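Subject: Structure for your files

Hello,

Here is the structure, handed over for you to look through. My notes follow it.

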Amino acid sequence: MAAEKFSNPVVRWVDHRLPIFSMLDHEKYDYPVPKNLNYFWNFGVLAGMALVIMIVTGIVLAMNYTAHVDHAFSSVERIMRDVNHGWLIRYIHMNTASFFFIVVYIHIFRGLYYGSYKAPRELLWMLGVVIFLLMMATAFMGYVLPWGQMSFWGATVITNLFSAIPFVGESIVTFLWGGFSVDNPTLNRFFSLHYLMPFVIAGVVVLHIIALHRFGSNNPIGIDAKGPQDTISFHPYYTIKDMVGVAMFLLLLAVAVFFFPNAMGHPDNYIPANPMQTPAHIVPEWYFLPFYAILRAVPDKLGGVLLMFAAIFVLFVLPWLDRSPVRSARFRPMFRIFFWLLFIDCIALGYLGGKPAEGIYVLLSRIATGWYFLHFLVLLPMLSIFETTKPLPKSISEPVLATAKGVA
Amino acid sequence: MRRVLIAAAVACLAAVGLSTPVLAAGAGSVKLQAGEWSFAGPFGYFDKGAMQRGFQVYREVCAGCHGMEYIAFRNLADLGYNEAEIKAIAAEYEVMDGPDDEGEMFMRPARPADLMPTPYRNDNEARANNNGALPPDLSLIAKARANGADYLYSLILGYDEAPADVEVPDGMYYNSAYSGNLIAMPQPIYGDDVEYTDGAPSTPEGLASDLTHFLMWAAEPKMEIRKRIGVAAVFFLSIFLIMSYLAKRRVWAEIH
Ligand code: HEM
């Protein structure tokens with residue numbers, strides 16, 4: 001029956017036996033999407049596109065890269081100088097990594113603002129956090145591969161964190177390194193894992209999408225679609241809206257790649273790794289800085305490591321910390337204020353993570369870290385009890401029509 | 001909604017701004033002079049004359065201590081030399097080759113495909129000849145320092161009398177651009193160190209500027225083509241953005 005839809009006989013023949021065209025068709029036309037999504041709902045698609053760009057450029061880079069401590073740095077220089085358009089491939093890979101994090105951070109804050117993590121989308125949200133963790137691991141290992149000074153020392157500092165674990169810490173670090181310092185075995189395993197992880201991410205993204213399609217997208221006013229008058233088909237409405245986002249994303253990416261390709265990197269990574277010489281300041285890539293600030297806010301190493309992981313773990317349990325039945329911040333006046341405070345707090349943590357851990361910066365890091373946990377562990381549960389929310393509209397189409405009339 | 005979008009944009013910009021990490025936090029104060037660079041900006045290009053002069057200064061002044069291990073003679077075509085000139089330049093150097101049929105290594109004149117020979121065989125020899133300090137390879141130096149071009153220009157011109165309260169140990173020199181202000185490299189440029197054949201001024205500023213052009217090219221040889229493609233890409237993507245926005249408006253017109 002479904003195959004009747006297609007006029008092309010080859011498509012019909014295949015679809016009768018392997019109904020992929022029906023499945024695609026179903027996603028494209030029959031999948032109902034709330035009609036009021038704003039541009040923040042572009043960022044999931046943008047993240048997917050960033051992942052594809054990373055995998056494609058990464059595979060090409062791997063064809064020309066040598067994972068050996070004596071050759072890694074010069075093989076990257078070879079890519080930059082002698083491989084046809086190697087500089088372009090590498091700069092795209094480098095800058096898309098940063099853009100991927102920008103996109104995912106916006107995607108996450110979108111979810112926080114509109115309460116997309118609430119029932120029935122808890123697993124969708126948690127799969128997102130898993131993706132985020134995998135992304136961080138992948139990016140960290142990727143940064144080690146060019147074997148510059150920051151590669152080497154960043155790897156040394158971060159892997160050393162595991163030594164804080166009582167009793168087995170030292171053995172774990174030796175196991176991670178494949179020896180007694182960051183060296184050739186470390187580089188080899190990081191390369192192997194860096195190649196593997198994006199495909200694991202792709203797998204989790206599939207689960208993420210399956211979970212999304214179970215209940216469909218949330219929307220800016222956070223109430224469920226009540227019927228066909230509240231939804232429109234994905235194609236053409238959201239395909240064309242996503243295309244605007246894709247064009248904007250590619251435009252900004254092109255500006256970075258072609259005019260500021262090294263702005264989001266560190267100059268020290270153009271110095272070959274030297275285990276005998278520690279750089280003046282070891283800083284991770286910008287997208288780790290908020291977590292780095294939390295790590296260093298605690299005087300005790302183990303405490304810092306635990307708190308850093310806790311900062312991500314609170315995101316896993318967030319659906320159970322925020323018990324308010326109202327999803328969207330639009331109808332939660334108090335929550336909205338605290339959302340923006342949290343946003344500022346995260347930017348502040350990022351800033352502090354890039355500063356040396358001395359003087360006033362330590363104190364500020366502690367305050368910002370404290371606020372981060374206060375927000376999730378105390379304020380959100382309290383707000384769910386004490387906040388008076390604004391009345392919710394009856395349906396999605398009602399406020400949409402209302403604003404349309406207001407404008408006219 | 002617009003407010004939220006603006007906030008997100010600010011967040012992105014902040015993230016980019018914040019990624020500039022702590023710089024030059026050593027003791028002492030660091031002063032940088034800003035030069036005028038033909039390669040700056042979206043339409044930047046390399047000035048071939050300046051690069052050729054810079055290469056001459058490098059060869060005659062810096063190459064005694066600093067190598068450029070990623071530059072091959074054939075790359076000099078970017079500076080505007082033709083094939084015969086490159087062959088002639090290469091032939092002035094000797095490189096080790098081999099083993100020959102008897103198993104011996106031997107020296108022969110360099111060819112365009114060879115990398116430029118480095119002054120020392122290894123870091124130990126380099127240190128032994130420089131009071132224990134290591135002169136870094138210069139092929140990537142313009143990207144391996146923050147504000148590469150201005151930094152190199154300022155470093156070369158930064159030698160000065162030390163202020164009264166700064167003690168300069170033996171074998172160290174005062175430099176206002178260097179982090180910590182004490183550098184193990186003696187002042188390399190005084191003006192008129194080389195004889196330019198094209199009549200360009202060989203003042204310290206002129207020499208430093210030419211060197212900076214050459215070193216920037218060495219670190220980022222694909223910059224010209226990168227920016228040229230970039231201008232086209234940005235132009236094309238802007239059109240794509242406008243078209244998709246108009247198409248979106250059209251498709252959505254029926255909805256609202
Ligand atoms: C590789 C990274 C990721 C990809 C490719 C991806 C992809 C997507 C896509 C295509 C959508 C639907 C479009 C949209 O609503 O924006 C979506 C929705 C969603 N994602 Fe992600 N995502 C990623 C990472 C994350 C992360 C890190 C989180 C949170 C920690 C997350 C949480 C969510 C949530 C809650 C939704 C539903 C949003 C709603 O309906 O309001 N995702 N994702």
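Which helix gives the largest share of the lining of the second largest cavity? The answer is α7(A), with 6 residues.

First, the basis of the notes. This is a predicted model, so to speak of conditions: local features need pLDDT of at least 70, side-chain atom pairs count only at pLDDT 80 or more, and totals for chains, interfaces and linings use all residues.

The structure has 6 cavities of 30 Å³ or more. A cavity here is a set of points, on a 1 Å grid over the protein atoms alone, where a 1.4 Å probe fits but cannot get out; lining residues have an atom within 4 Å of a point. Grid points are joined across faces, edges and corners, and a volume is the space filled by probe spheres set on the points.

The second largest cavity holds about 110 Å³ of space. Its lining consists of 15 residues, with F140(A), G154(A), A155(A), I158(A) and P284(A) nearest the centre. By type, the lining has 12 nonpolar residues, 2 polar and 1 charged. The nonpolar class is Ala, Val, Leu, Ile, Met, Phe, Trp, Tyr, Cys and Pro, the charged class is Asp, Glu, Lys and Arg, and the others, Gly among them, count as polar. At least two lining residues come from each of α6 and α7 (149-160) of chain A. Helices are DSSP runs of H or I of at least four residues, numbered from the N terminus.

Domains

Chain A is divided into domain 1 (28-278) and domain 2 (283-386), with bounds from an automatic or database domain assignment. Their centres, taken over C-alpha atoms, are 21 Å apart. In domain 1 of chain A, 43 residues are in contact (heavy atoms within 4.5 Å) with 35 residues of domain 2 of chain A. The second largest cavity lies between these domains, because both give residues to its lining.

Ligand

There are 24 residues around the ligand, and H107(A), S116(A), G128(A), H208(A) and N218(A) come nearest; a residue belongs here if one of its heavy atoms lies within 4 Å. This shell divides into 15 nonpolar, 8 polar and 1 charged. α3 (43-64), α5 (86-114), α6 (122-144) and α9 (184-215) of chain A each supply at least two of its residues, and α6(A) gives the largest share, 6 residues.

- H107(A): a polar side-chain atom lies 2.7 Å from a nitrogen atom of the ligand.
- R110(A): an N or O atom of the side chain is 3.1 Å from an oxygen atom of the ligand.
- N218(A): a backbone N or O atom lies 2.7 Å from an oxygen atom of the ligand.

Backbone

Most residues other than glycine have a negative phi, and most peptide bonds are trans. The peptide bond from A119(A) to P120(A) is cis, with omega near 5°, and P120(A) sits in the loop between α5 and α6 of chain A. H235(A) and P236(A) are also joined by a cis peptide bond, with omega about 5°; P236(A) is in helix α10 (residues 234-259) of chain A. H85(A), which is not a glycine, has a positive phi of about 55°, and lies in the loop between α4 (72-81) and α5 of chain A.

Regards

Note on methods:
Residues are numbered from 1 along each chain as its sequence is written. Chains are lettered from A and ligands numbered from 1 in the order in which they are written. Side-chain values use heavy atoms; hydrogens and water are left out. A polar contact is a pair of N or O atoms within 3.5 Å; within protein, one must be able to donate a hydrogen and the other to accept it, and residues adjacent in sequence count only if both atoms are side-chain atoms. On a 1 Å grid over the protein atoms alone, a cavity is a set of points where a 1.4 Å probe fits but cannot get out, and a pocket is an open set with protein on both sides within 12 Å along at least five of seven lines; lining residues have an atom within 4 Å of a point.
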